[in-house]
Amino acid sequence: AQAWQAATLSGLSEGLKRNKMDYHVLGKEQNMLVESAFSNPSQEVRKASLQMLKVIGVQDSIYLNQSIRKAVQIAKDKRLSNEKRAEAIQFMTLANPAPYASVMESLIVPQEDPSIQLAALKLLGRVPDETSSRFILKNWEILTPEIREEALNTFMTNSQRITLLLNAVESNLIKPASIGWPRSVQLMSNGEDHLRDKARLLLTKNDKDKVNK
């Protein structure tokens, strides 16, 4: 039954996305979906409930704020499973993540399970300014390879973050090899001339050095 519930919710989410239906007709069910996202015994149903909420939103702002505060407490509670804590962080994507940036930063540490760090990093990356970029650069040395990979992705979303990334490469904080080929190609074909030229200069430097040797 739970597998059927999860499949039904996933199908509904996709249908709503495609057909741009009036989401307000589902207002009465939103509270039930929130409860399901937190408390359903099936991980698949919890995941599908959150997926549905991401499509329809939560119109009751007071209830949403209460739910986000609950998610924050779950995320910080090390007595709970990593699975539940990571899900709580994902729930927080339903609201503006900026007020919880410091909470997310406190979870991106080697002492936390990678699943917690990755969820927190993705949420931090949704803060529209350069908060995530500055945090990553400040803590680059202690980030594990897995977390660094996701951290680099957060730089690729706008010009301001790309500028900080290229400056970090220029100062040798981040090695050009760490950027990886797909991101390097993206940077070296950037639509802004100054960023594209700087990326080409920095990311092909090793190749030129090898030729000169």
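Modeller: What follows is a talk about the labels given to parts of a predicted model.

Biologist: Glad to start with the overall fold. What makes up the secondary structure of the chain?

Modeller: The chain has 14 helices and 0 strands. Of the 213 residues in the chain, 44% are buried.

Biologist: Why is Q30 called buried?

Modeller: Buried means under 20% relative accessible area. Q30 has 2% relative accessibility, so Q30 counts as buried. This residue is found in helix 2, residues 27-39.

Biologist: And what makes the approach of Q30 to Q59 a polar contact?

Modeller: The cut-off is a pair of N or O atoms within 3.5 Å, one able to donate a hydrogen and the other to accept it. The side chains of Q30 and Q59 make such a contact at 2.4 Å.

Biologist: Helix 3 next, please. How do you know that its reach is close to the expected one?

Modeller: The expected span is 1.5 Å times one less than the number of residues. Helix 3, residues 43-56, has 14 residues, and the expected value is 20 Å.

Biologist: Which residues of helix 3 are buried?

Modeller: They are V45, R46, A48, S49, L50, M52, L53, V55 and I56.

Biologist: What is found at the two ends of helix 3?

Modeller: At the start, a side-chain oxygen of S42 comes to within 3.3 Å of the backbone nitrogen of E44. After the helix comes G57, with a positive phi near 75°.

Biologist: On to the largest pocket. What is its volume, and which residues are closest to its centre?

Modeller: The volume of the largest pocket is about 340 Å³. Of its 16 lining residues, R46, K47, L50, E87 and Q90 are the closest to the centre. Helix 2, helix 3 and helix 5 (82-91) are the elements that give two or more residues to the lining. Helix 5 gives the largest share, 7 residues.

Biologist: How does the lining of the largest pocket divide by class?

Modeller: There are 7 nonpolar, 3 polar and 6 charged residues in that lining.

Biologist: Now the aromatic rings. How many aromatic pairs does a search of the whole structure find?

Modeller: The search finds 1 aromatic pair. The rings are those of F38 and F91, with their centres 4.6 Å apart.

Biologist: Why is the pair of F38 and F91 called tilted?

Modeller: Planes under 30 degrees apart count as stacked, over 60 as edge-to-face and the rest as tilted. The planes of F38 and F91 are at 40°, so the pair is tilted. Because F38 lies in helix 2 and F91 in helix 5, the pair ties together parts that are 53 residues apart in sequence. Both F38 and F91 are buried.

Biologist: What about S102: why does that residue count as exposed?

Modeller: Exposed means over 50%. S102 has 51% relative accessibility, so S102 counts as exposed. S102 lies in helix 6, residues 101-107, and its C-alpha is separated by 9.7 Å from that of T131, 29 residues apart along the chain.

Biologist: Which atom of N172 does the side chain of K175 reach?

Modeller: The side chain of K175 reaches the backbone oxygen of N172 at 3.4 Å. The cut-off for a polar contact is 3.5 Å, so this distance falls within the limit. K175 lies in the loop between helix 10 and helix 11 too, and is partly exposed with a relative accessible area of 44%.

Technical notes
Residues numbered from 1 in each chain as written. Predicted model: local features only at pLDDT ≥ 70, side-chain atom pairs only at ≥ 80, totals over all residues. Heavy atoms only, no water. Helix = DSSP H or I, 4+ residues; strand = E, 2+ residues; numbered from the N terminus. Buried < 20%, exposed > 50% of the residue type's maximum accessible area, 1.4 Å probe, protein only. 1 Å grid on protein atoms, 1.4 Å probe; cavity = no way out; pocket = protein on both sides within 12 Å on 5 of 7 lines; lining within 4 Å. Points joined across faces, edges and corners; volume = space filled by probe spheres on them. Nonpolar A, V, L, I, M, F, W, Y, C, P; charged D, E, K, R; others polar. Phe/Tyr/Trp six-rings, centres within 6.5 Å; stacked < 30°, edge-to-face > 60°.
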